[in-house]
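Have a look at the sequence and the model below, and keep both open while you read. We'll walk through a pocket, a few strands and a pair of helices.

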Amino acid sequence: MTSGNITETEQAVLDEIDEKDIDFLRLQFTDILGTVKNVSVPARQAEKAFTDGIYFDGSSIEGFVRIQESDMRLVPDPDTFAVLPWRNRDDGCSARMICDVYNTSTGEPFEGDPRYVLKQALDRAHEMGYTVNAAPEPEFFLFEEDEEGRATTRTNDAGGYFDLAPKDLASDVRRDIIYGLENMGFEVEASHHEVAEGQHEINFEYDDALTTADNVGTFRTVVRAIAAQHDYHATFMPKPIPEINGSGMHTHISLFTEDGENAFHDGDDEFDLSGTAKSFLAGILEHAPAITAVANPTVNSYKRLVPGYEAPVYVAWSDRNRSALIRKPAARVPAASRIELRSPDPSCNPYLAIAVMIHAGLDGIEQDLEAPDPVRDNIYEFDEAKRDEHGIETLPSNLGEAVDALEEDDAISGALGDHITSKFVEAKRQEFEEYLIDVSDWELDRYLETF
């Protein structure tokens, strides 16, 4: 039974709050940089949150609004309700819901809300007759903490790819993280030690693109919280240690038609890819430099995007090797046909990153772009002449170049909207300029006594 303007889904959440004796609700959203923010309210405010929303000062949030237009409203999505697994009964039970952000002056969705930007991308796909599924693979490092509880870059193990204990000392941490994720509704497919010491990956099942983006934010929160319970610091920084592999967030993506058929599959094609899939793929290749600014948004991201450490640098695709930007994974069944963009890293805002991937691919479909031939050789071994022969371009080599590409790409900047594009570019130009004028320890070690 519902009350007032409460929907059945919202009423089910209210009932669960009572049944599980929830004390507090964390109403979560993200700023344009992908940082999860939250407003904590007593659980008794849940019905008011559904009917009226919860007001907050948007001027304090990165990239939102100016001080003279600061009032914003959070409207929780009841489908995202989940009990937080790391709070015990002594502290009381807490739950979270992910929110959409609204302008109080207009009553309309806030154009600077990253979740709204992704919803617009999904609306465009829907108008073209498609739904979008996505599956990211966010990698992370576990580091020891010092005596004062601050993060170090000391790894807790000497494990490598798929290693077992005793080398993989973090298997118990991953186990507890998986339990926490499953308690919050995740379908975890696999977990393993990654290539670098202290590096890990936990794969969760694909879902629709909005749920997937929500899940990335939740995943990062759960990993950090449970790692901290084990006295480790979990980081999604792309390249925390030089000269070893960095952390990526390879993202699998596919389109489905309104009748549930995989629009990317064609069993008669050599690669099992439909013309739609190839045009989508070509669109991502076409817009790859601008996508990089969003999917690799920190100066540190470009320490990962270098040859020799399994991260893609070259704008090409392949059905065999992992040196290309896009890979066509093997698919056992038609429904599993998809493409994998290997450049994103887990420091990105998942809503914006997935949104620009979708817009780029849909642009490729609308323009009927043709995908180039796949490159089956190891591109890392190509010299410049051979890359030119294959027409292979290179991703931006630093954040400054990537931001330039974003500003020059009307399709991708338009997908983000004027508000987010201007705020994002402003923040990233400032970050890059601060990086350029800083003097690193590497420079001091190399030059201080030499000159």
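**A pocket and its surroundings**

Helix 5 gives the largest share of the lining of the second largest pocket, four residues. Before going on, note that this is a predicted model, in which local features need pLDDT of at least 70 and side-chain atom pairs count only at pLDDT 80 or more, while totals for chains, interfaces and linings use all residues. Residues are numbered from 1 along each chain as its sequence is written, and side-chain values use heavy atoms, with hydrogens and water left out. Helices (H or I, at least four residues) and strands (E, at least two) are DSSP runs, numbered from the N terminus.

What is a pocket here? On a 1 Å grid over the protein atoms alone, it's an open set of points where a 1.4 Å probe fits, with protein on both sides within 12 Å along at least five of seven lines; lining residues have an atom within 4 Å of a point. This one holds about 410 Å³ of space. Its lining has 24 residues, and Gly-34, Thr-35, Val-36, Arg-220 and Arg-224 lie nearest the centre. Two or more lining residues come from each of strand 1 (22-30), strand 2 (36-42), helix 5 (209-229) and helix 13 (418-437).

Now move to the strands. Strand 4 (residues 71-76) is mostly covered, with five of its six residues buried (under 20% relative accessible area, using a 1.4 Å probe and protein chains only). Strand 4 runs antiparallel to strand 3 (residues 54-57), and four bridges join them (strands pair if DSSP finds at least two bridges between them). Strand 4 is also joined to strand 6 (residues 93-103), again antiparallel, by five bridges. Find Leu-74 in strand 4: Ile-54 stands opposite, and in strand 6 its bridge partner is Val-101.

Next come the helices. Helix 3 (residues 114-127) has 14 residues and reaches 20 Å from its first C-alpha to its last, close to the 20 Å expected at 1.5 Å a residue (1.5 Å times one less than the number of residues). Its buried residues are Pro-114, Arg-115, Val-117, Leu-118, Ala-121 and Ala-125. Why are they on the same side of helix 3? Because they cover an arc of only 160° around the axis (taken from the directions from the helix axis to the C-beta atoms). Just after helix 3, Gly-129 takes a positive phi of about 95°.

In helix 4 (residues 171-183), the buried residues are Val-173, Arg-174, Ile-177, Ile-178, Gly-180 and Leu-181. They cover an arc of only 165°, so they sit on the same side of helix 4. Gly-185 follows helix 4, with a positive phi near 100°.

Key
Buried means under 20% relative accessible area, exposed over 50%, partly exposed in between (1.4 Å probe, protein chains only). Grid points are joined across faces, edges and corners, and a volume is the space filled by probe spheres set on the points.
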